[in-house]
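Please keep the sequence and the 3D view at hand while working through the numbered points.

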Amino acid sequence: LWAAQGITNERGFRTAPSAGALYPLETYVATADGLFHYDPEGHKLWTVSQADARQGLYDAALRQEPVLQAPAVFVLTAVYERTAEKYGTERSPRYVHLEAGHAAQNLLLEAVVLGLGAVPIGAFEDLRIQKVLGLPADHEPLYLIPVGHPRDVTR
């Protein structure tokens, strides 16, 4: 979680660059123990639910196996209004999507460093993801990133 959105200095800058340092991303993680929301301020995890949401995520993600099999599924969401207030509704989606790419890449690189496997998934039904996770209406899902121990693919 720190690799994706952690705070790197006293000014509040984060590991992923953000247009205008507006930080429109909200990060969640689903595990067998529940759903959690990452708070970069203080590097904390807040419990959203104690239910395992991975089956629902799997169904909403067109039944892609990594979502069901991974012990942790990271969900990057966007609050577009944070960026639109400064850059307008036309340009802000581009900036938010660039930031999501940076955050996802950081998470993927951290997984490699830790000897884990991870895969970014963008094929899913947005509204179903929001419903499964009970997300606020303005937290729009952008990425699912299942993370776990990679399969032994040597044969």
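1. His43 has a relative accessibility of 49%, so it counts as partly exposed, given that exposed begins over 50%. His43 sits in the loop between strand S2 (34–39) and strand S3 (44–49). In this predicted model, the phi angle of His43 is near 55 degrees, a positive value in a residue other than glycine.

2. Leu62 also deserves a look in the backbone. Its phi is positive, about 60 degrees, although Leu62 is not a glycine. Leu62 belongs to the loop between helix H2 (54–60) and helix H3 (65–69).

3. Is Gln5 buried or exposed? Gln5 has a relative accessible area of 1% and is therefore buried, the limit for that class being under 20%. Gln5 is part of helix H1, which covers residues 2–5. Leaving aside neighbours within four places in sequence, Gln5 is in contact with Arg14, Thr15, Ala16, Leu25, Thr27, Tyr38, Pro40, Glu99 and Ala103.

4. The overall plan may now be set out. The chain has 5 helices and 6 strands. Along the sequence, these elements follow the pattern α-β-β-β-α-α-β-α-β-α-β. The radius of gyration is 15 Å, close to the 15 Å that the globule rule gives for 155 residues, so the chain is as compact as a globular protein of that length. Taken along the principal axes, the C-alpha atoms fill a box of roughly 50 × 30 × 30 Å.

5. Two percentages describe the chain as a whole. Of its 155 residues, 42% count as buried. Among contacts between residues at least 6 apart in sequence, 63% join residues at least 24 apart.

6. Why is strand S6 described as largely enclosed by the rest of the structure? The reason is that 7 of the 9 residues of this strand (residues 140–148) are buried.

7. Which strands pair with S6? Strand S4 (residues 72–78) pairs with S6 in the antiparallel sense, over 7 bridges. Within this pairing, Val75 stands opposite Leu144 in S6. Strand S5 (residues 117–118) is joined to S6 by 2 bridges, and these strands also run antiparallel. Here the bridge partner of Ala118 is Val147 in S6.

8. The last topic is the largest pocket. Rolling a probe the size of a water molecule over the atoms shows where empty space is left. The largest pocket has a volume of about 240 Å³. Its lining is made up of 13 residues, and those nearest its centre are Pro66, Gly117, His149, Pro150 and Arg151.

9. Which element gives the most to the lining of the largest pocket? Strand S6 does, with 3 residues. Helix H3, strand S5 and strand S6 each supply at least two residues of this lining. By kind, the lining divides into 8 nonpolar, 4 polar and 1 charged residues.

Definitions and conventions:
Residues are numbered from 1 along each chain as its sequence is written. This is a predicted model: local features need pLDDT of at least 70, side-chain atom pairs count only at pLDDT 80 or more; totals for chains, interfaces and linings use all residues. Side-chain values use heavy atoms; hydrogens and water are left out. Buried means under 20% relative accessible area, exposed over 50%, partly exposed in between (1.4 Å probe, protein chains only). Helices (H or I, at least four residues) and strands (E, at least two) are DSSP runs, numbered from the N terminus. Two strands pair if DSSP finds at least two bridges between them. On a 1 Å grid over the protein atoms alone, a cavity is a set of points where a 1.4 Å probe fits but cannot get out, and a pocket is an open set with protein on both sides within 12 Å along at least five of seven lines; lining residues have an atom within 4 Å of a point. Grid points are joined across faces, edges and corners, and a volume is the space filled by probe spheres set on the points. Ala, Val, Leu, Ile, Met, Phe, Trp, Tyr, Cys and Pro count as nonpolar, Asp, Glu, Lys and Arg as charged, and the others, Gly among them, as polar. Contact means heavy atoms within 4.5 Å. The radius of gyration is taken over C-alpha atoms; the globule rule is 2.2 Å times the number of residues to the power 0.38.
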